[in-house]
Amino acid sequence: MEQILVAAATLPVSVLGPRAVLVNEGARTGKLYILKSGDLEVVRDGSTVAAIGDPGSVIGDMSALLDLPHSATVRTRNGAEVHVADDADAFLDAHPAAARHIARLLAARLHKTTALLVDMRRQAKVREDQVMFDKIFALLE
Amino acid sequence: MAEETESWLKFDFFPAGSELIVQGRQAGGSIMVLKEGEVEVLRDGKFVSTIKQPGAIFGEMSVLLERPHSATVRAVTDVQLYVINDALKVLEAHPSWLLQIARLLAQRVNATTAQLVALKSREAADDDVLVLPTNVFSSWGDPQI
């Protein structure tokens, strides 16, 4: 967290009041945001799905790296100060420590999603086997 | 077998059936880049995927997370690859490579997330569940924006 805040200190800061929208779901900004202080919430399809309050939290990494629209809306709760990198690629290229931090975050995320996927596939297989046995035994009745 | 080119880069060869990376083993700080051949990724002994794209990278997860390898990578055919030693230092000296790895990881996160959502939707359909959670990962506190 600290390393990214050191790199982010070179970026301009946007000061947002309560309930201010930082990114809109579906919009493509190419920007990267790093929380300096305050608290944010993530809203998807009208429901709050997560809260972000740790200074150094990164917002917009997936969208910026993959050139995809933001998958959720992020807005402040009570207000926040956010570092804004208008050109995410240029910022990460100039700050290897920040790039490494984001690569680490993504690796941790991938570790989680892959573990979950393997687990769900295993559960799905067990369920498929059960369905097959149910069918076999139904035929025997 | 390995051939030195630069101090941090060497060329290596693995015959079909051999393991390039073993799940649970310490990474040793190296990243591998596929030059030629096909490998399969196994996690807990279960097949995860096949990789044959030249330029594909392995081992970056454990280098970045400084933890043992999270999967086994096995050569399906004879495999030629480059090994980048002391990868973290090399990557920091080449920020554009680091950025490329971040992009690659983001693509993989996106792909696995899509598969998870598909699997979850299929499950919900199988169970005749009428309401699908708007975000399967809402409990993670990891919004992936």
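How many residues does the contact take from chain B, and how many from chain A? The contact takes 37 residues from chain B and 40 from chain A, where two residues are in contact if their C-beta atoms, placed from the backbone, lie within 7 Å. This is a predicted model, in which local features need pLDDT of at least 70 and side-chain atom pairs count only at pLDDT 80 or more, while totals for chains, interfaces and linings use all residues. Residues are numbered from 1 along each chain as its sequence is written, and chains are lettered from A and ligands numbered from 1 in the order in which they are written.

**The contact, seen from chain B**
- On the side of chain B that touches chain A, the elements giving two or more residues are β6, α1 (60-65) and α3 (95-126) of chain B.
- α3(B) makes the largest share of that side, with 19 residues.
- By type, the residues on that side of chain B split into 16 nonpolar, 12 polar and 9 charged. Here Ala, Val, Leu, Ile, Met, Phe, Trp, Tyr, Cys and Pro count as nonpolar, Asp, Glu, Lys and Arg as charged, and the others, Gly among them, as polar.

- For the complex, the predictor gives an ipTM of 0.81 and a pTM of 0.79.
- Confidence in chain B is lowest in strand β1 (residues 3-6), at a mean of 56, and highest in strand β8 (residues 72-75), at 96.
- Over residues 129-141 of chain B the pLDDT is below 50, and this stretch has 16 contacts in the model beyond near neighbours in sequence. Where pLDDT is low, the predicted coordinates should not be read in detail.

**Chain A**
- Chain A has 4 helices and 6 strands, in the pattern α-β-β-β-β-β-α-β-α-α along the sequence. Helices (H or I, at least four residues) and strands (E, at least two) are DSSP runs, numbered from the N terminus.
- The C-alpha atoms of chain A fill a box of roughly 70 × 35 × 25 Å along the principal axes.
- Strand β3 (residues 32-44) of chain A runs antiparallel to strand β6 (residues 73-85) of chain A, joined by 11 bridges; L40(A) has T76(A) as its bridge partner there. Two strands pair if DSSP finds at least two bridges between them.
- β3(A) also pairs in the antiparallel sense with strand β4 (residues 47-52) of chain A, over 5 bridges, and R44(A) is partnered with S47(A).
- β3(A) and β4(A) form a hairpin with 2 residues between them, and D45(A) in the turn has a positive phi of about 50°.

**Chain B**
- Chain B has 3 helices and 9 strands.
- An open, antiparallel sheet of 4 strands has the order β3-β8-β5-β6 in chain B. β3 (19-21) and β6 (46-51) of chain B stand at the edges with a single partner strand each, so one side of each has no neighbour in the sheet.
- Strand β5 (residues 39-43) of chain B is joined to β6(B) by 5 bridges, with E40(B) partnered by T50(B).

Terms used
pLDDT = per-residue confidence, 0-100.
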